[in-house]
Amino acid sequence: QFQFVANASWTKGTHNVKFGADLHWQHMNHYEISPLSGLTFTGIATSLNGGPAANSYNALADFLLGNFAQSNTALVPLCEDTSSGCENDRSVTMRQRQMGLYLRDQWQLSQKLTLSLGIRWEYYPVPTRADRGVEFFDLATNRVLLCGVGSNSETCGVKVEKDLFTPRLGVAYRPYDSMVIRSGYSRNPQNDHMYRNATYTYPASVTITSVGLNGFTPAGTLEGGFPVIPAPDRSQGSLALPRGVGVTSSPANFVRGKITAWNVTAQQQVGADMSVQLSYVANRQREITRSTNQNYGQIGGGVASQPFFQSIGTNAAINLLEPIGKADYDALQLHVSKRLSDGFSFTAAYTRARGTDYWATGILIPEYRYLNEGPSSAVSPNKVDLSATYELPFGEGKRFLQSGVGAALLGGWQVNGN
């Protein structure tokens, strides 16, 4: 990864202006060392339609008969022409760039009121491989286009947003010396790697998944072995998907997710060494990128009902990077802290939160996607954090054992807990 960051600031009267730019180049050369091929025996060939569900005995029987329920075969394709410098032990590559510009003005209107106003612009071009563009699945022809190869443009016509302007607003108001109220708002684009989930897509890596036509038909036999992986001809920049091979691709118009966050906090000093803080924190995530399989089967229809099995004979996943993710987060936070005095300090915090994920499960059929909504697994409804520090009252300047052997042995100790 290469990174360039430049910042500058300018102070004039009650204004403190800061502006800058950052550029990122991410170069990935990845070797997959884990096994990518395997056979799965589930017992489908020796269980009865309408009878008890298959168990481990059925799975063992399928293995003895040589009937597997699913096979997975994957590899990085061999070089078509090693004289060109291509090496068969080469890595899968990805090149990603991103850039941003920002401007922020911190304006102190008075001793009691401070505003922070900012705007940022970000741009994420379509990534590339080391020697060509990425892959794009053309839904009109059901073919994989290699961007930058043959007659294909460097991006295969994929459009990304160039108007990602994101505002930021902050307010701090001190109604009196012992109290301050703060509030903030920001809107940010999702900054994930656009093709993160498509790094190992076809033909950069070839993965063949074979399953039976229904829950009682094996995908193949041990005698037949793994399916033969055909060598893709990339010279024309257009490839048909082999049977059992899936692909992950951007849609023609890639929309980056947006995350909007805001908060309001009131902080009150209590006495000389304690403060109490109450906050409301929230965010809304919209148009978050989800890799969604377009080759979903209908309920009870099995493989035969998958649309791309009907059109091009593949039962594998045809994934599109769609902007359909959505999540909400709301929380009330209470924080009490006491600075170190008389040898004692503590912090106590309680959060009451609610998170909703509108894609909490993986239901793909569009008319049933509303069933994906549910509580976010990443959010704890109730959270308590406690920590304290206590200095033992022994040693020089303390209440007990201020000198002598006792001070030397017991002085300067602290007890911490959380």
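Mentor: Cysteine 147 and cysteine 156 are both buried; buried means under 20% relative accessible area, exposed over 50%, and partly exposed in between, with a 1.4 Å probe and protein chains only. The model is predicted: local features need pLDDT of at least 70 and side-chain atom pairs pLDDT 80 or more, while totals for chains, interfaces and linings use all residues. Residues are numbered from 1 along each chain as its sequence is written, and side-chain values use heavy atoms, without hydrogens or water.

Trainee: What joins cysteine 147 to cysteine 156?

Mentor: A disulfide is a covalent bond between the sulfur atoms of two cysteines. Here a disulfide (sulfur atoms within 2.5 Å) links cysteine 147 and cysteine 156, with S to S 2.2 Å. Searching the whole structure gives 1 disulfide. Its S-S torsion is about -125°, so the disulfide is left-handed.

Trainee: Which residues of helix α1 are buried?

Mentor: An α-helix has 3.6 residues a turn, so residues three or four places apart point the same way. In α1 (residues 56–65), the buried residues are Asn58, Ala59 and Asp62. Helices (H or I, at least four residues) and strands (E, at least two) are DSSP runs, numbered from the N terminus. Viewed down the α1 axis, the buried residues fall within an arc of 100°, so they line one face of the helix; the arc is taken over directions from the helix axis to the C-beta atoms.

Trainee: What covers the buried residues of α1, and which exposed residues are on the face turned away?

Mentor: The cover includes β4 (67–68), where contact means heavy atoms within 4.5 Å. The face turned away carries exposed Ser56, Tyr57 and Leu64.

Trainee: Where is leucine 410?

Mentor: Leucine 410 lies in helix α3 (residues 404–410). Leucine 410 counts as partly exposed because its relative accessibility is 35%.
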